[in-house]
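User: Hello! I am new to reading structures like this one. Could you show me how to go about it, one feature at a time?

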Amino acid sequence: MYKRIGRHTVKIENPVYIVSAASYAGKKEGEGPLGKYFDFVAEDIMLGEKSWEKAESMFFKKAFKTAMQKAGKTFDDIDYLLAGDLLNQCGGSTFGLRDFKIPYFGIYGACSTFGEAISLGSMLIDGGFGKNILCGAGSHFCSAEKQFRSPLELGTQRPPTSTWTVTGSGAVVLSSEGSGPKVTYITTGKIIDMGIKDSGNMGAAMAGAACDVIEAHFNETGRNPDYYDVIATGDLGDVGKALVKKYAGEAGIIFNNNLTDCGIEIFDNETQDTHCGGSGCACSAVTFSGYFYKKLLKKDIKNILLIPTGALMNTDISQQGETIPAIAHAVAIEMG
Amino acid sequence: METTEKKKKEYQQAVKVLSPNSHIIKNCIWAFFSGGTICLIGHILRKIFESFNYSEDKTALLVNLILIGSSALLTGLGLYSKMGKKCGAGTVVPITGFANSMVSPSIEYKTQGFIFGLGAKMFTVAGPVLVYGITASVVVGIVHYFIAG
């Protein structure tokens, strides 16, 4: 049976349930508008570890383990582990999950990794390659700043277009049996580069990729934006969201008030000084696992199109004058 | 989404329109007064040392030591970055900014050891300033040698 319905989209035919979700977030995220939805808010973003990288790994370990336990599963029940993060060689996830002893695919989609993980996990289940899949993503503000930008204590100003990397990790268990919201369609994005060079304006770098995958999703599924209660991009922030509205609108895709962005939901930009919003792999991961997943279970919303977005930036290549390529993956998640 | 060169240009133009700008005037005022305050403190220190009849060299050395030491301490206490957020160039340009640019990476990389961590990464921000500052001083010295003899 051929499940592909278009250039980018596949229909998940055998049921894939998101049977559990767990979210571990940092202090600042806990103080934001979604604070009460997270499973755990770390008072100390070091989580008792000696370095930021190790703390990031610890966020992974805790979130993934909690998701598994909530689903009533053990390490032996999980067929595959899919995870990724922003650190070099995906250090956050691999070091955090190395004790799990579960067959593992390390994935990288920058901040779109959570969407990539759910996409691949759902395809694995639909294809009959596994029954239970643990997948997720995470990031840490401090380790991300250290790797991609400047030292935290350097007395410089962040540009008004910048976003704030979310500290935390979000994980879900996908299963062929059980209950919960179902993954129904997956629209995989292409690499889109709109010629943006400013690493202080990631929303602008990624909005083109988000528009592309949104257009593909609606064209190939035949749905229209009104079908979804929530359409949530990953971490575009204010600038990126405005660009998506403009360019999707030009392509004939008009949103009612259902378009939002996990980066806009997670922080209160005015009081938390986060400029354009939240970003990072953890942004869509904890916002979905903590907030939207609970809203789906409570039937506050009946479906969501989650579109984690990623800037595929490499600091060395950027310094060589290259523009920033971007990616976005759309996953349709619906309550039965 | 089209990705033709024409579309990209138009997109980049839209990005400029939709992106908020820095508050240049406010930033300049903060930079002027904060940078000026640091220089004023330096001058007050100089006057104090001069009143003790210290030599010119010794006075300059002591003033720099105190400013650099204070900046390093404030960086370590996490206060310099808070000041920098408001003051911008006002706290970057004076010698205190230079100390901050060396201490801040040192704090982060000490987890990677004293040699390949702290020692190697200490100059990631300040390195270019040293390289081109020293190069410029050599060039100026050579020019001065030939012109002023």
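User: Let's start with helix packing. How do the axes of H6(B) and helix H7 of chain B cross?

Analyst: Two packed helices are described by the angle between their axes and the distance between the axes. Here, in a predicted model where local features need pLDDT of at least 70, side-chain atom pairs count only at pLDDT 80 or more, and totals for chains, interfaces and linings use all residues, side-chain values use heavy atoms, with hydrogens and water left out. Residues are numbered from 1 along each chain as its sequence is written, while chains are lettered from A and ligands numbered from 1 in the order in which they are written. Helices (H or I, at least four residues) and strands (E, at least two) are DSSP runs, numbered from the N terminus. The axes of H6(B) and H7(B) (residues 114–121) come within 7 Å and cross at roughly 160°. Axes are lines fitted to C-alpha atoms, for helices over the stretch in contact, and angles run from 0 to 180 degrees between N-to-C directions. H6(B) is therefore roughly antiparallel to H7(B) (under 35 degrees is roughly parallel, over 145 roughly antiparallel, 65 to 115 roughly perpendicular and the rest oblique).

User: Which residues make the contact between H6(B) and H7(B)?

Analyst: B:Pro105, B:Ser106 and B:Tyr109 of H6(B) meet B:Gly117, B:Leu118 and B:Lys121 of H7(B), where contact means heavy atoms within 4.5 Å. By class, this contact has three nonpolar, two polar and one charged residues. Ala, Val, Leu, Ile, Met, Phe, Trp, Tyr, Cys and Pro count as nonpolar, Asp, Glu, Lys and Arg as charged, and the others, Gly among them, as polar.

User: At what angle do H3(B) and H6(B) cross?

Analyst: The axes of H3(B) (residues 56–76) and H6(B) (residues 95–109) come within 8 Å and cross at roughly 40°, which means that H3(B) is oblique to H6(B). Among the residues in this contact are B:Leu67 and B:Ile68 of H3(B) and B:Val103 and B:Ile107 of H6(B). The contact of H3(B) with H6(B) divides into seven nonpolar, seven polar and no charged residues.

User: Which residues of helix H4 of chain B are buried?

Analyst: In H4(B) (residues 80–87), they are B:Tyr80, B:Ser81, B:Gly84 and B:Cys87. Buried means under 20% relative accessible area, exposed over 50%, partly exposed in between (1.4 Å probe, protein chains only). Seen down the axis of H4(B), the buried residues fall within an arc of 130°, so they line one face of the helix; the arc is that of the directions from the helix axis to the C-beta atoms. They pack against H2 (24–51), H3, H5 (89–92) and H6 of chain B.

User: Now backbone angles. What is phi near in A:Lys101 and where is A:Lys101 placed?

Analyst: Most residues other than glycine have a negative phi, and most peptide bonds are trans. A:Lys101 has a positive phi, near 55°, and sits in the loop between helix H3 (91–96) and strand S5 (104–106) of chain A. A:Lys101 is exposed because its relative accessibility is 71%. For A:Lys299, phi is near 65°, also a positive value, and its place is in the loop between helix H10 (281–297) and strand S13 (303–307) of chain A.

User: Is A:Gly277 buried or exposed?

Analyst: A:Gly277 is buried, because its relative accessibility is 0%. A:Gly277 lies in the loop between helix H9 (269–272) and strand S12 (278–279) of chain A. Leaving aside neighbours within four places in sequence, A:Gly277 is in contact with residues including A:Trp164 and A:Phe267.
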